[in-house]
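Please look over the chain shown below before reading on. The notes that follow are grouped by topic.

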Amino acid sequence: MTTAEMRTTSPRRSGKVVTLTARRRRTAAIAWLFAAPFVVSFGVFGVIPLVSSLGMAFSDLRVTDIHDPFNVNFIAFDNFVTVLGDSTFQRALRNTLGFVVFGVPLSLFSALVLAVMLNALGRRLATVFRVGYYTPVVTTIVAVAVVWRIMYQPNGLINSLLATMGIEGPNWLGNPLTALPALTLMAVWRSIGSSMVIFLAGLQAIPTEVKEAASVDGATTLQSFFRITIPMMTPTILLNAILTTTGFMQFFDEPFVMTNGGPLQSTTSIALYVFNQFQWGNYSVGAAGAYVLFAIISIFAIVQFRFLRQRT
């Protein structure tokens, strides 16, 4: 190619590059235009409250300071010391940990058993049962809590069934020894559906060739389940464990609707404790309690992730 031809073609190439760059910028501008409503709403209702609550946790803000915001002072970690030293918070922490320790394994085990049973059924029959088990997940928690509160009454359905077997049922929600187990059972019943659907998806993702090869090698059903199905389901179990633990750590709806934290604070959770602090006007203490709950949830998630990731 001669020098004259190069001079003739070079402006066209540069013009073509400029055109592509302009198109990319225009495409990016259109994309940001469509994403702008979400970005603005997330910033206003997500980022700003998050940053504000973090600053609130290190101040002495109370309800009386709303009209005089310049009277708020920085007090460092005093709110966290107050929260951790509060006997009510310590009781709420024990209740929440007990709720998680007993509720999460029971929920995961029940969901896995149901998923294995549904996976063995035909697709049409499994769909019917799957919808039935998943219905409590999409049902309003208030409606579910009201129904279970009626069932837990001294003359309710559960005690009536126990009476037919000659057993005198307790006052489930009025006894400090049975109130938390009663709420745990209700929460497990309500959360089984979502965990079951995830487990069922993981079971259906296992190649049938692997199970057929194990059957040819003489593996029994139990051996195939514990040595093939469970190891290949480890990522699904990890996901379900983190999601279920996170949900159970934020234990709030059940005690708020059914017992209001009673009797004798036996069902008070950390989330309910934080809500009460805000309700009483202790905004800074409530914000500190919320971040303590966030730290506990993060620790649980990290431990579960590292423990199960080694077996993935």
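The model described here is predicted.

Helix 6
- Helix 6 spans residues 157-164, and its buried residues are Ile158, Asn159 and Leu162.
- These residues lie on the same side of helix 6, because the arc they cover around the axis is only 95°.

Aromatic pairs
- The structure contains 16 aromatic pairs.
- One of them is the stacked pair of phenylalanine 38 and phenylalanine 42, with 5.9 Å centre to centre and 20° between the planes.
- Phenylalanine 38 and phenylalanine 42 are four residues apart in helix 1, so about one helical turn separates them.
- Phenylalanine 38 counts as exposed at 58% relative accessibility, while phenylalanine 42 counts as partly exposed at 48%.
- Phenylalanine 58 and phenylalanine 80 form a tilted aromatic pair, 5.4 Å centre to centre with 50° between the planes.
- This pair links distant parts of the chain: phenylalanine 58 sits in the loop between helix 1 and helix 2 (78-85), phenylalanine 80 sits in helix 2, and the two are 22 residues apart.
- Phenylalanine 80 counts as buried, because its relative accessibility is 15% and the cut-off for buried is under 20%.
- Phe58, Phe74, Phe77 and Phe80 are linked into a cluster by ring pairs.

Nonpolar surface patch
- A nonpolar patch on the surface is formed by Trp32, Phe38, Val39, Phe42, Val47, Leu50 and Val51.
- Together, the residues of this patch have about 760 Å² of accessible area.
- Phenylalanine 38, a member of the patch, belongs to helix 1, which covers residues 3-57.

Threonine 229
- Threonine 229 lies in helix 9 (residues 221-232).
- With a relative accessible area of 5%, threonine 229 is buried.
- Leaving aside residues up to four places away in sequence, threonine 229 touches Leu203, Ile206, Lys211 and Ser224.

Proline 181
- Proline 181 is located in helix 7 (residues 179-204).
- Its relative accessibility is 46%, so proline 181 counts as partly exposed.

Definitions and conventions: Residues are numbered from 1 along each chain as its sequence is written. This is a predicted model: local features need pLDDT of at least 70, side-chain atom pairs count only at pLDDT 80 or more; totals for chains, interfaces and linings use all residues. Side-chain values use heavy atoms; hydrogens and water are left out. Patches are made of residues with over 30% relative accessible area and no salt bridge: like charges are joined within 9 Å, nonpolar side chains (Val, Leu, Ile, Met, Phe, Trp, Tyr) within 5 Å. Accessible areas come from the Shrake-Rupley method with a 1.4 Å probe; for residues, only the protein chains shown count as cover. A salt bridge is a side-chain nitrogen of Lys or Arg within 4 Å of a carboxyl oxygen of Asp or Glu. Buried means under 20% relative accessible area, exposed over 50%, partly exposed in between (1.4 Å probe, protein chains only). The arc is that of the directions from the helix axis to the C-beta atoms. Contact means heavy atoms within 4.5 Å. Rings of Phe, Tyr and Trp (its six-membered ring) pair if their centres lie within 6.5 Å; planes under 30 degrees apart count as stacked, over 60 as edge-to-face and the rest as tilted.
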